[in-house]
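Welcome to this short tour. Please open your viewer and keep the selection tool ready.

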Amino acid sequence: DLSGRSSVDEVGSYSSYIHYSEKTDSWRFQRAGTTIWKSVSDNPYTVLMTPLEETLHIALREATERAIMQSIEALDQTPTMADIGDIVERWMAVEEAVVGGLVYHLVPEVLIARIPELSEAMIREDLQTKAEFDKYRLLPRAIDVVADLGVRESVALFKKSPAEIERQLQ
């Protein structure tokens, strides 16, 4: 499961599933046909930015899946389920970071300009909440990387070379 999420108390989720065929000795991905958005946050900023965040996951998922496959194929031995889990977690953290960095640079100016009741404090609160979860551990650095590269350039680089974005997040 490439959602990197559990369904409890999440404001959004987009999932892919990795399958192994013993018959063909190959891996393949199957993506969920929908995203999930729930209003479980007390923070209006979080609720409003979630649809964009989940849409960006859809846009970047093919590159994430490619990076996962390349990592699996680079292993010297047949991967265990633990190996697969570690690889998936690694690349989902990179995808989460890039998506979060993009949202941080896209959403605030649009929402705050149009909804004056939303404050910078709500954005800081959203980031503080995310900082409590390991899957967002690369987000602070991603905000800087997206600022340096630009939004479009960050998307293009991630789609071309997730490994290069991962390198820049270290």
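**The whole chain**

Start by showing the surface: the accessible surface of the protein chain comes to about 9,500 Å², and 53% of that belongs to carbon and sulfur atoms (areas come from the Shrake-Rupley method with a 1.4 Å probe, and for residues only the protein chains shown count as cover). What you see is a predicted model, where local features need pLDDT of at least 70, side-chain atom pairs count only at pLDDT 80 or more, and totals for chains, interfaces and linings use all residues. Residues are numbered from 1 along each chain as its sequence is written, and side-chain values use heavy atoms, leaving out hydrogens and water.

Now switch to a cartoon view. The protein chain has 6 helices and 2 strands (DSSP runs numbered from the N terminus: helices are H or I with at least four residues, strands E with at least two). Along the principal axes, the C-alpha atoms fill a box of roughly 60 × 35 × 25 Å.

Next, colour by burial. Of the 170 residues in the protein chain, 43% are buried (buried means under 20% relative accessible area, exposed over 50%, partly exposed in between, with a 1.4 Å probe and protein chains only).

**Helix 5**

Select residues 151-160, which form helix 5; Ser 154, Leu 157 and Phe 158 are buried there. Look down the helix axis: the buried residues fall within an arc of 100°, so they line one face of the helix (the arc is that of the directions from the helix axis to the C-beta atoms). What sits on the face turned away from the buried side? There you will find the exposed residues Arg 152 and Lys 160.

**Glu 89**

Finally, select Glu 89, in helix 2. Glu 89 counts as partly exposed, at 34% relative accessibility. Which residues does Glu 89 touch, not counting those up to four places away in sequence? They are Asp 134 and Arg 137 (contact means heavy atoms within 4.5 Å). Try the distance tool as well: Glu 89 and Ile 68 are 21 residues apart in sequence and 9.5 Å apart in space, C-alpha to C-alpha.
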